Amino acid sequence: MATYTIYKGLEKPVSTERYNIGVANKNCDVIDAELHKLDLKNESQDSLLATKEALSAKANQTALDAHTGSTAIHVTTSDKENWNAAKAHADSAHARPDAVKAEASEVNGNLLINGIETTVYTHPAGANPHNVSKEDIGLSNVENKNSAAIRGELTKENVIAALGYTPSVTDGGGISYSDSEPAALSTGMTWIGN
């Protein structure tokens, strides 16, 4: 009767038994599986050893100095102070604490806060509170003349000079031109002469 090995239970036929290929194959499968386990364990240990060596290696001083001195990846005390100040500002009372709903108002400078007209902006008073000059709005090259002065300069020759040509006797729109004052003018019209 066969016996078995202590650790893996491999079958050991007795010397009087005939050779059984099935027993040999079964024992080979058990041995192969155990050898495979050893291979996996060795690979795992090799990987752990490589990781340990990588972790144990010290960065060179130049690389360490470049890392610790980088302001792009490290937050400075000044950065922290600025962020804290911005956070405190954002948390401050910018609006009324009871403001739940803000809507546009028809009154200039007001908002409707919770349905109540509330002044949020008052425009500075005075004739020119923003000190806007004629240069600011592009009028620095314009002559300062009243309408009477301008009408006094409206002669036929000045109009022709400004247009750059002499208009025809009629322009097709019902307006005609003449060198002499007409006998009658339409209501609201004034003869300005030539």
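This is a predicted model: local features need pLDDT of at least 70, side-chain atom pairs count only at pLDDT 80 or more; totals for chains, interfaces and linings use all residues.
Residues are numbered from 1 along each chain as its sequence is written, and side-chain values use heavy atoms, with hydrogens and water left out.

**The chain as a whole**
- The chain has five helices and five strands; helices (H or I, at least four residues) and strands (E, at least two) are DSSP runs, numbered from the N terminus.
- Of the 194 residues in the chain, 7% are buried, where buried means under 20% relative accessible area, exposed over 50% and partly exposed in between (1.4 Å probe, protein chains only).
- Among contacts (heavy atoms within 4.5 Å) between residues at least 6 apart in sequence, 7% join residues at least 24 apart.
- Carbon and sulfur atoms hold 56% of the accessible surface, which comes to about 16700 Å²; such areas come from the Shrake-Rupley method with a 1.4 Å probe, and for residues only the protein chains shown count as cover.

**The three-stranded sheet**
- Three strands form an open sheet in the order β3-β4-β5, with antiparallel pairing; two strands pair if DSSP finds at least two bridges between them.
- β3 (102-104) and β5 (116-119) are at the edges with a single partner strand each, so one side of each has no neighbour in the sheet.
- On average, neighbouring strands of this sheet are turned by 40° against each other, direction ignored; the axes are lines fitted to C-alpha atoms, for helices over the stretch in contact, and angles run from 0 to 180 degrees between N-to-C directions.

- Strand β4 (residues 110-113) is joined to the antiparallel β5 by four bridges.
- Asn110 has Thr119 of β5 as its bridge partner, and Leu111 has Thr118.
- Two residues lie between the strands of this hairpin, and Asn114 in the turn has a positive phi of about 55°.

**A nonpolar surface patch**
- Ile150, Leu154, Val159, Leu163 and Tyr165 form a nonpolar patch on the surface, with about 430 Å² of accessible area together.
- Leu154 sits in the loop between α4 (147-152) and α5 (156-163) and is partly exposed, with a relative accessible area of 37%.

Terms used
Patches are made of residues with over 30% relative accessible area and no salt bridge: like charges are joined within 9 Å, nonpolar side chains (Val, Leu, Ile, Met, Phe, Trp, Tyr) within 5 Å. A salt bridge is a side-chain nitrogen of Lys or Arg within 4 Å of a carboxyl oxygen of Asp or Glu.
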